[in-house]
Amino acid sequence: MYVTKDGDFLKTDKDFEAHQHLLTAVDVEYLTEDVAVLTTGFIQEFTDEIVKINNHPYNRKEHLFVSRPFFK
């Protein structure tokens, strides 16, 4: 397992799986809007379509997921 560098985007299932398994924090941002971070949290589950963070499902096609390994 590996974790991407701080600020890298999670793109593949392996990225999401590693962050979930290693309890590495993730920022969620809108893909198409220049808006601040929506939330920061830990991946509870994911599929090809959604990533559940902080009990909320985020669409993988509408949001960016950014690695934040130093978040506590």
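In the hairpin of strand 4 and strand 5, two residues lie between the strands, and Asn54 takes a positive phi near 55 degrees. Strands here (E, at least two residues) and helices (H or I, at least four) are DSSP runs, numbered from the N terminus. This is a predicted model, in which local features need pLDDT of at least 70 and side-chain atom pairs count only at pLDDT 80 or more, while totals for chains, interfaces and linings use all residues. Residues are numbered from 1 along each chain as its sequence is written, and side-chain values use heavy atoms, with hydrogens and water left out.

- Three strands form an open, antiparallel sheet in the order 3-4-5, where two strands count as paired if DSSP finds at least two bridges between them.
- Strand 3 (43–46) and strand 5 (56–59) are the edge strands, each pairing on one side only, and the twist from one strand to the next averages 25 degrees.
- Strand 4 (residues 50–53) is joined to strand 5 by four antiparallel bridges, and in this pairing Lys52 stands opposite Pro57, while Val51 has Tyr58 as its bridge partner.
- Strand 3 and strand 4 pair in the antiparallel sense over three bridges, with Phe46 opposite Val51, and a hairpin joins these two strands through three residues.

- Buried means under 20% relative accessible area, exposed means over 50%, and partly exposed lies in between (1.4 Å probe, protein chains only).

**The helix across the sheet**

- Helix 1 (residues 13–21) lies across strand 3 and strand 4, and runs at about 145 degrees to strand 3.
- Such angles run from 0 to 180 degrees between N-to-C directions, with axes fitted as lines to C-alpha atoms, for helices over the stretch in contact, and contact means heavy atoms within 4.5 Å.

- Phe71 is placed in the segment after strand 6 (63–68), and it counts as partly exposed because its relative accessibility is 42%.
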